[in-house]
Amino acid sequence: MKNIAMKGLLLASVFVFATGFSTMDKITVKGSDTLVILAQRWAERYMNKNANVSIQVTGGGSGTGISALINGTTDICNSSRPMKPSELQKLKERFGTLGVEIRCAKDGLSVYISEANPVQALTLQQIKDIYTAKITNWKDVGGKDAKIVLYSRENNSGTYVYFKDNVLKGDDYAPSCQNLPGTAAVVNAVAKDVNGIGYGGAAYGKGIREAKVNGVAPSKATIADGSYPITRYLYMYLRSKPTGAIKQYIDWILSPDGQSVVSEVGYFPVK
């Protein structure tokens, strides 16, 4: 019996050593598609340095992440907009807390235009008028005589909500606006459509032109000093004050090492 017990203990030890799951800390992160590339890069970098931590990152939109936080199915919610009072109330009703908000990066919300489009710059008012169908032809903003094709994020996206609240000033998007499931899809659509216009995070701005807004281009300097007019924070939300492995992970994200990843991806560090 003693030998059998020793063999069982040895096998168990070998299994633990081989799998590494005996002391594995698991962290789930869900939400903003704007943040998903950055969140994945953070997770990869951190797990390379901390073999006992497993971090699962998924997107789906800020609204999806916030719902998961309220439902208790994610540890960290990524959001490209602040949580709404109604969402905070739901969190309080279920968990007795208003949650914890962490600003993890800054982003310039870029306005995407095809590189083949001669328009270089737009005002905030022109962008609002375009997305509410008061302006429908590029010739009215210095371009060619062609119908403007609108691309947007879906309504569960924090970027969609932020754009509506801060650029459209609460007005509705034009009915002709085509809603796409992620920022990468918006960039791809505009890159292929000379008459298209879209919006999204600065880190996704590849293969298209980022229009100047009110005469200012999105850059590290203009977003840092706030002179670029569509600048926002990106957030992580938790149900309660972080402890243990989650606190260590967030502390690292906010450290110079973690914030260097923000710059690598194309966003801007928080001070």
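Predicted model: local features only at pLDDT ≥ 70, side-chain atom pairs only at ≥ 80, totals over all residues.

User: Why is glutamate 44 called partly exposed?

Analyst: Its relative accessibility is 43%. Buried needs under 20%, and exposed needs over 50%. Glutamate 44 falls in between, so it counts as partly exposed.

User: How far apart are glutamate 44 and glutamate 154, in sequence and in space?

Analyst: They are 110 residues apart in sequence. C-alpha to C-alpha, they are 28 Å apart in space.

User: Which residues meet where helix 2 and helix 10 pack?

Analyst: From helix 2, they include Ile37, Leu38, Arg41, Trp42 and Arg45. From helix 10, they include Gln259, Val261, Val262 and Val265.

User: How do you know which angle class helix 3 and helix 4 belong to?

Analyst: The axes of helix 3 (residues 62–71) and helix 4 (residues 85–95) cross at roughly 20°. Roughly parallel covers angles under 35 degrees. Helix 3 and helix 4 are therefore roughly parallel to each other. Their axes come within 9 Å, and the crossing is left-handed. Ile66, Leu69, Ile70 and Asn71 in helix 3 meet Glu87, Lys90, Leu91, Arg94 and Phe95 in helix 4.

User: Is threonine 183 buried or exposed, and what makes it so?

Analyst: Threonine 183 sits in helix 7 (residues 183–192). Its relative accessible area is 1%. The cut-off for buried is under 20%, so threonine 183 is buried.

User: What makes the pairing of threonine 183 with arginine 153 a polar contact?

Analyst: The distance between the side chains is 3.2 Å. The limit for such a pair of N or O atoms is 3.5 Å, so the pair qualifies as a polar contact. Leaving out residues up to four places away in sequence, threonine 183 touches Thr34, Tyr112, Arg153, Gly200, Gly201 and Tyr204.

User: Asparagine 137 is in a loop. Why does it count as buried?

Analyst: The loop runs between helix 5 (124–131) and strand 6 (149–153). Asparagine 137 has 14% relative accessibility. Buried means under 20%, so the label holds. Its side chain makes a polar contact of 2.9 Å with the side chain of aspartate 145. A polar atom of that asparagine 137 side chain also lies 2.9 Å from the backbone nitrogen of lysine 139.

User: What puts the buried residues of helix 9 on the same side?

Analyst: In helix 9 (residues 244–253), the buried residues are Ala245, Ile246, Tyr249, Ile250, Trp252 and Ile253. They cover an arc of only 160° around the axis, which puts them on the same side of the helix.

User: What are the figures for the whole chain?

Analyst: The protein chain has 10 helices and 11 strands. Buried residues make up 49% of its 271 residues. The C-alpha trace spans about 90 × 40 × 35 Å along its principal axes.

How values were computed
Residues numbered from 1 in each chain as written. Heavy atoms only, no water. Buried < 20%, exposed > 50% of the residue type's maximum accessible area, 1.4 Å probe, protein only. Helix = DSSP H or I, 4+ residues; strand = E, 2+ residues; numbered from the N terminus. Arc of directions from axis to C-beta. Polar contact = N/O pair within 3.5 Å; in protein donor to acceptor, adjacent residues only side chain to side chain. Contact = heavy atoms within 4.5 Å. Axes fitted to C-alpha atoms, helices over the stretch in contact; angles between N-to-C directions. Parallel < 35°, antiparallel > 145°, perpendicular 65-115°, else oblique. Left-handed = near helix turned anticlockwise from the far one by under 90°.
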